[in-house]
Amino acid sequence: MIGGGVIGCAVAERLSFEGHQVTLFERDQLGGRASGAAAGELSPHGTTSAAEESAKKSLQLFPELIARIEKDSAMNVEYRVQAGLQPAFNQEEAARLRAFGGRWLDAQACRQVEPSLTTDVLGAVLLEHANLTPPRFVLALARAAAARGAAILEGTPVMGFERMGDEIKGVITPAGSHDADWAVIAAGPWSREVASTAGADVDVRPQRGQLAALDPGAVVLRHSIFWASGYLVPKADGTIIAGGTEEESRFDDRPTVAGIASLLSLACRLVPDLGAANLQRVWAGLRPVTGDGLPIVEALGARNLIVATGHHRKGILLAPLAAMQVAAIIGAA
Ligand SMILES: Cc1cc2nc3c(=O)[nH]c(=O)nc-3n(C[C@H](O)[C@H](O)[C@H](O)COP(=O)(O)OP(=O)(O)OC[C@H]3O[C@@H](n4cnc5c(N)ncnc54)[C@H](O)[C@@H]3O)c2cc1C
């Protein structure tokens with residue numbers, strides 16, 4: 001496994017669970033990039049119908065996966081099922097959301113279930129949804145894999161591959177060469193660079209997303225709230241996360257004044273009392289996004305080389321499905 005983000009760790013956990021001998025190479029530290037930066041929303045909505053179907057399938061894999069990794073890792077990943085609300089501010093938005101499915105709440109019902117939501121909304125749709133704490137999830141996946149025999153090597157970049165004809169024979173790190181029957185590249189937006197050393201072209205690039213953590217003081221939010229340009233997520237530790245911008249920034253993952261200002265203004269629009277909240281911290285991460293916006297999980301560039309990347313805004317949600325897809329490719333060979 002190349003990459004210790006959520007995709008690499010989920011695949012390592014799945015393959016170890018199925019009895020494979022796994023070594024995971026992470027250049028820096030586990031969950032140190034987008035996977036540790038993410039908000040932890042497990043929301044299958046808001047994509048095309050094919051993508052929504054995959055996302056719903058992956059969401060259903062969570063209860064069993066969480067139970068297994070929490071047992072194997074002795075960690076708590078703060079997974080909780082919690083309905084989300086997507087409000088409409090005008091008739092056009094309301095018509096679109098009502099066609100979308102889910103339970104429609106009128107303005108009065110919205111205020112009953114979520115009293116702090118702005119009174120400007122005409123109504124909201126109640127969404128199937130869950131969330132967890134991504135850095136804990138990534139670490140628990142890695143520890144669960146390790147508990148089943150996987151070697152997890154942080155601070156170990158993969159620099160290239162040993163290759164013979166159409167087969168990868170091993171991966172090259174600064175410590176030397178490691179034999180491998182299969183190599184799986186899950187290096188997020190760096191997957192293009194890693195795959196190019198095996199002669200494969202992977203159409204993936206970085207897209208910056210910024211987040212802000214708010215200490216809400218007396219404001220209580222019972223649901224995650226989604227809107228076209230962002231969301232508010234109440235976390236198990238009492239903070240509220242405001243997210244997430246979408247920007248072309250190459251590999252620059254520093255938050256900007258304009259990005260954070262847009263998140264804070266959205267937070268105040270959705271929940272006006274958050275104007276008095278304290279700003280706890282701001283950060284950003286780089287989502288891996290492909291040319292057509294769809295994830296890539298397939299053998300590419302060599303018979304036994306698999307690329308698993310491009311999960312864009314839903315990599316945490318889609319990780320269990322990606323792990324099963326990689327295991328299926330290996331199992332079918
Ligand atoms: C602000 C923000 C909020 C988000 N919120 C959500 C959310 O709420 N829900 C959701 O489902 N998704 C969310 N996402 C998307 C999700 O975080 C990503 O889709 C997912 O983390 C991608 O995981 P990954 O493992 O592919 O990539 P990464 O997390 O980038 O991991 C790739 C890893 O590969 C390592 N690597 C790179 N090169 C090498 C090399 N040569 N050798 C070894 N290792 C290497 C890197 O160091 C890195 O750790 C969010 C993303 C952002 C930025």
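Entry 1. I began just after helix H4, where Gly101 has a positive phi of about 100 degrees. The model is predicted, and I kept to its cut-offs: local features need pLDDT of at least 70, side-chain atom pairs count only at pLDDT 80 or more, and totals for chains, interfaces and linings use all residues. I number residues from 1 along each chain, as its sequence is written. My helices (H or I, at least four residues) and strands (E, at least two) are DSSP runs, numbered from the N terminus.

Entry 2. I then looked at burial in H4, residues 91-99. I call a residue buried if 20 or more other C-beta atoms lie within 10 Å of its own, exposed if 12 or fewer, and partly exposed in between, with C-beta atoms placed from the backbone. Of the nine residues of H4, the number buried is zero, so this helix lies largely in the open.

Entry 3. I turned to helix H6, which covers residues 134-147. H6 has 14 residues and spans 20 Å from first C-alpha to last, close to the 20 Å expected at 1.5 Å a residue. The expected span is 1.5 Å times one less than the number of residues. In H6, 10 of the 14 residues are buried, so the rest of the structure largely encloses this helix. Among the buried ones I noted Arg136, Phe137, Val138 and Leu139. What do the buried residues of H6 pack against? I found helices H1 (6-17), H2 (34-37), H3 (49-73) and H9 (315-332), together with strand E8 (151-153). Just after H6, Gly149 has a positive phi of about 105 degrees.

Entry 4. I checked how H1 meets H6. The two helices pack at about 30 degrees, with axes 8 Å apart. My axes are lines fitted to C-alpha atoms, for helices over the stretch in contact, and angles run from 0 to 180 degrees between N-to-C directions. The angle makes H1 roughly parallel to H6; under 35 degrees counts as roughly parallel, over 145 as roughly antiparallel, 65 to 115 as roughly perpendicular, and the rest as oblique. H1 passes H6 in a left-handed crossing. A crossing is left-handed if the near helix is turned anticlockwise from the far one by less than a right angle, and right-handed if clockwise. On the H1 side the contact includes Val6, Cys9 and Ala10, and on the H6 side it includes Pro134, Phe137 and Val138. Contact needs C-beta atoms, placed from the backbone, within 7 Å.

Entry 5. I moved on to the sheets. Two strands pair if DSSP finds at least two bridges between them. E12 and E19 (residues 305-309) run parallel, joined by three bridges. Ala183 has Leu305 in E19 as its bridge partner.

Entry 6. E3 and E7 (residues 130-131) pair over two bridges. Val81 stands opposite Ala130 in E7.

Conventions. Contact = placed C-beta atoms within 7 Å.
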